[in-house]
Amino acid sequence: MIKAVFWDNDGVLVDTEYLYFEASRDALSQVGIELTLAQFAHISLGLGKSSLCLATQQGISDDTIATLRQYINQRYAELLQNGANPMEGAEETLAALHGKVTMAIVTSSRRDHFDLIHRNNDLLGFFDFILTREDYQHSKPNPESYLKALKISGLQAEECLVIEDTRRGFEAARQAGLRCVVMPNRLAPENNFNDAFQVIRQLQEIPQLILTVGTSAPAPQPLSGPLP
């Protein structure tokens, strides 16, 4: 049976991805690069890289890229001043699971951005622990964040389920040996998740899904070693 659910944050619990796209687009426009939504979805949501790689490819200096990165972080924080809207069904789904399974957020967001995202919603009270970007060394699609969550939970991989929305998040869960349910991100609907444990269209499907998942369906074998 499932005893823990590890949730991605952006695009799963809260609607933030377009705001980060806006910040990235505004930064790159300063050096004459037009970032499209399709490029952002492929680079950031698919590959787990910064859109600033486009500036690197154009020969932009490291100092300028560092300035652009700072601008993105500041601009994103400005866009988050009013928080971020929870995804449809997030609160009711978390309420349905609260107290029945351990729940954690495993996110690539920086802590300062994460706090802004959740400043005006009531989602965080449903969670037992939270891992933000400062809590591990390697970001998704590296499995480190999910391996750390698994270690903190004290559970076996087959007792845990990950909820993700992007290919990079799915790969992180898979390489950690965890089953992953994917609700495809609206900005990258073309991503293929045929190898996911299950693909859903709305968060409200998750409580019933968890009830039907038994340990008879083995979790994938991890593709990396344990945390150092």
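## The enclosed cavity

In this predicted model, the residues lining the largest cavity divide into three nonpolar, two polar and three charged. That lining is made up of Gly-11, Asp-15, Glu-17, Tyr-18, Met-87, Asn-185, Arg-186 and Leu-187, and the space within the largest cavity comes to about 50 Å³. The structure holds one cavity of 30 Å³ or more.

## The largest pocket

The largest pocket has a volume of about 610 Å³. Its lining counts 29 residues, of which Tyr-20, Ser-44, Ser-108, Ser-109 and Arg-168 are the closest to the centre of the pocket. Three elements, namely α1 (17-29), α4 (62-79) and α8 (167-175), each give two or more residues to this lining, and the largest share, four residues, comes from α4.

Sorted by class, the lining of the largest pocket has 14 polar residues and eleven charged ones, together with four that are nonpolar.

## The second largest pocket

About 170 Å³ is the volume of the second largest pocket, which is lined by Met-1, Ile-2, Ala-96, Leu-97, Lys-100, Val-101, Pro-207, Ile-210, Leu-211 and Val-213. The elements that supply two or more residues to this lining are α5 (90-97) and α9 (206-212), with α9 providing the largest share, three residues.

The class division for the second largest pocket is nine nonpolar residues, no polar residue and one charged residue. For the largest pocket, by comparison, the corresponding division is four nonpolar, 14 polar and eleven charged.

Just after α2, the chain reaches Gly-48, which takes a positive phi of about 75°.

## The crossing of α1 and α2

The axes of α1 and α2 come within 11 Å, and they cross at roughly 105°; the two helices are therefore roughly perpendicular to each other. On the α1 side the contact is made by Glu-17, Tyr-18, Tyr-20, Phe-21 and Ser-24, and on the α2 side by Leu-37, Phe-40 and Leu-45. By class, this contact of α1 with α2 has six nonpolar residues, one polar residue and one charged residue.

## Ser-24 within α1

Ser-24 lies in helix α1 and is buried, with a relative accessible area of 2%, which is under the 20% that marks a buried residue. When its neighbours within four places in sequence are left aside, Ser-24 is in contact with Leu-35, Phe-40, Ser-51 and Ile-72.

Key
Residues are numbered from 1 along each chain as its sequence is written. This is a predicted model: local features need pLDDT of at least 70, side-chain atom pairs count only at pLDDT 80 or more; totals for chains, interfaces and linings use all residues. Side-chain values use heavy atoms; hydrogens and water are left out. On a 1 Å grid over the protein atoms alone, a cavity is a set of points where a 1.4 Å probe fits but cannot get out, and a pocket is an open set with protein on both sides within 12 Å along at least five of seven lines; lining residues have an atom within 4 Å of a point. Grid points are joined across faces, edges and corners, and a volume is the space filled by probe spheres set on the points. Ala, Val, Leu, Ile, Met, Phe, Trp, Tyr, Cys and Pro count as nonpolar, Asp, Glu, Lys and Arg as charged, and the others, Gly among them, as polar. Axes are lines fitted to C-alpha atoms, for helices over the stretch in contact, and angles run from 0 to 180 degrees between N-to-C directions. Angles under 35 degrees count as roughly parallel, over 145 as roughly antiparallel, 65 to 115 as roughly perpendicular and the rest as oblique. Contact means heavy atoms within 4.5 Å. Buried means under 20% relative accessible area, exposed over 50%, partly exposed in between (1.4 Å probe, protein chains only).
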